[in-house]
Amino acid sequence: MDTTAHMHASFFDQAVLMPADTALIGQMVTINAGFLLDGGMVGGYSVSGNSTVYFSLGYWGSVSISGTGMGRDWITARESSQWLSPSLPTSVHETAPGFIPVSISARLGDLVGLQYVLDVQSRASASFGFRECGEDWVGQYWGPCGAVAHAAMDADFSHSMLWAGISSVIDADGNPVELASALGDSGFDYLHAAVVPLPASGWLLLSGLALLARLRRPAASAT
């Protein structure tokens, strides 16, 4: 038996970067900023009863984050483990960074588009082979019935991506530029880090992360 879940959150905003020195309006700059990411995945499996059965157990979870100014096409985290009797279990554990840097090129005084996507998937699987109990057609006995398999995966990134603020703005010659404001169409102030806890109007990923309530999958079992 398999049980799966898939959650997808996206966000789009536009912001205008206004320099403290208005004479710099129109110049190209590089904005260095980032996100704080918090969340995790945990899974487990077990088989009880007849230990001679053939079984397949596993859980898989993945998180991908992509968006404007990220150094790679996406940032991923994975958590998985699989156990196929009679071989030994195999596992993968790859965590996402707690801080995700972004570097964005923009023209001072113009609108800059900001788009970010958070995608979470999970799956748990538990099953038996055809030799779980009884005798086969030539009378080979495989042991008593009654084995139970259990696998579960839990991923929670429901309140996870927070804007960490703009750390620096650099012009084409490498000189620092002071910003007077970086206000988005949404009303969000990108100049500063988000405050925890955020007011309802301050969620950076309001349209998407509000949908990412706790992602939990029930156990998949077979007897």
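**View 1. Strand S4 meets S8.** Strand S4 (residues 55–67) and S8 run antiparallel to each other and share 13 bridges. Here two strands count as paired if DSSP finds at least two bridges between them, and strands are DSSP runs of E, at least two residues long, numbered from the N terminus. Pick out Tyr 59 and you'll find its bridge partner in S8, Ala 124. A word on what you're looking at: this is a predicted model, with local features needing pLDDT of at least 70 and side-chain atom pairs counting only at pLDDT 80 or more, while totals for chains, interfaces and linings use all residues. Residues are numbered from 1 along each chain as its sequence is written, and side-chain values use heavy atoms, with hydrogens and water left out.

View 2. Ser 125 belongs to strand S8. Is Ser 125 buried or exposed? It counts as buried, because its relative accessibility is 10%; buried means under 20% relative accessible area, exposed over 50%, and partly exposed in between, with a 1.4 Å probe and protein chains only. Leaving aside residues up to four places away in sequence, Ser 125 touches Met 1, Asp 2, Ser 56, Leu 57, Gly 58, Trp 60 and Ala 151, where contact means heavy atoms within 4.5 Å.

View 3. Ala 155 lies in strand S9 (residues 148–156). At 1% relative accessibility, this alanine counts as buried. Ala 155 and Gly 43 are 112 residues apart in sequence, yet 8.5 Å apart in space, C-alpha to C-alpha.

**View 4. What lines the largest cavity.** The lining consists of Ala 15, Leu 17, Ile 31, Ala 33, Ile 104, Val 112, Leu 114, Trp 163, Ile 166 and Tyr 190. Lining residues have an atom within 4 Å of a cavity point, a cavity being a set of points on a 1 Å grid over the protein atoms alone where a 1.4 Å probe fits but cannot get out. Strand S1 (2–19), strand S2 (28–37), strand S8 (111–128) and strand S10 (161–171) each give two or more residues to this lining.

Key:
On a 1 Å grid over the protein atoms alone, a cavity is a set of points where a 1.4 Å probe fits but cannot get out, and a pocket is an open set with protein on both sides within 12 Å along at least five of seven lines; lining residues have an atom within 4 Å of a point. Helices (H or I, at least four residues) and strands (E, at least two) are DSSP runs, numbered from the N terminus.
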